[in-house]
Amino acid sequence: MQTKERAQGRSKPSKVRLEDVAERLSLSISTVSRALAGHPAISSETRSAVQTVAAELGYRIPSQGRPTRKSATKLIGVVVGALHNRFMTLLLTHLHDALQEFDYQITLMIDSMNDPENLLAFRPLIDGYLDGMIFATATLDSPVVAEMQRRGIPLVLVVRSVDDVRVDTVEVDNIHAGTIAAEHLYQLGHRRIGLVMGAQNTSTSRDRAKGALQWLEEAGIPRASVQLVFSDYTSEAGYSSAIAMLSDDNRVTGIIAGNDTIALGVLEAAKRQGVAVPQQLSVIGFDDMPLAGSPLVALTSIRQPVEAMARTAARRLVERIRAGGMGAPVHDVLPIQLVRRDTTGPAG
């Protein structure tokens, strides 16, 4: 495990008042108050503007009929974008177990958390009950992560990272992972290679594609000749992208999928097109979820140490909570492993 530490400021942000939100929008305090309360007399346009500015400024909505929390709740919020990925459900299971060993419980928040307006709906929970948060769904440009960090919420990112935000992060070296996948296909003789990644605004997709493209270019395969598709981390995205690649006259002989779920869609597309795997097409995924190792799938994959990632994230968050948010952020980079199975073979 490699650990990188970066400096972090220790200045405590000043409390944002209702008057600050009103002044920013040139509205009366009563109008802002009613807008935040969802009063029907306030137009939807005004409510939206007030909610956006309140989220940007970090305004904390006062607890309704509840005394201010003075003691720890031992409750951690875990944020995920969706649950269709088996890797994510495994991560949640290990996070639950690891945090329970520290005497913490988790509450699951299923939301992309990429919109400041959506943050407002979670504010009572975040401000009133949570001791800390773990994000497993952050995007590169996520304003919510920066907002949580600015407001001093104990926070850890796991699986993905965010640019220009100083926060504890637990991930693998995704650039290196991309190079390992590309090198594996190249050594098998593949020269027409396609990449089917997830969302372009995620560190996992960006870095895995970057690593693969850089390695292939250094090996003599120009970037322009490598087909690259950014889509979603779903089997449907893998299926549709692979159908297009396999319909090309000079079709690819190897595909690097952004995760195992995408790879399953690629395998389905190959079957529909009558393309034999691995005789005519090699496919490699990421994550090494349990289904990848089943005899029916036998998918070659880049394994992420999901349990170690969960336990490291849990430990980092508890340390951050106990330290009162003080101290430099830590970047944990965990090792990966290429697991070779039946979906990759020599280029035909």
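Modeller: Let's start with Asp-288, which is buried at a relative accessible area of 13%. This is a predicted model, where local features need pLDDT of at least 70, side-chain atom pairs count only at pLDDT 80 or more, and totals for chains, interfaces and linings use all residues. Residues are numbered from 1 along each chain as its sequence is written, and side-chain values use heavy atoms, leaving out hydrogens and water.

Biologist: Why is Asp-288 called buried?

Modeller: Buried means under 20% relative accessible area, exposed over 50%, and partly exposed in between (1.4 Å probe, protein chains only). Asp-288 has 13%, so the word buried applies.

Biologist: What makes Arg-303 and Asp-288 a salt bridge?

Modeller: The term asks for a side-chain nitrogen of Lys or Arg within 4 Å of a carboxyl oxygen of Asp or Glu. Here the N to O distance is 2.7 Å, and the pair meets that rule. Arg-303 lies in strand 11 and Asp-288 in the loop between strand 10 (282-287) and strand 11, so the pair ties together parts 15 residues apart in sequence. Strands (E, at least two residues) and helices (H or I, at least four) are DSSP runs, numbered from the N terminus.

Biologist: Which label does Thr-300 get, buried or exposed?

Modeller: Thr-300 is buried, because its relative accessible area is 0%. Thr-300 also lies in strand 11 (residues 300-303).
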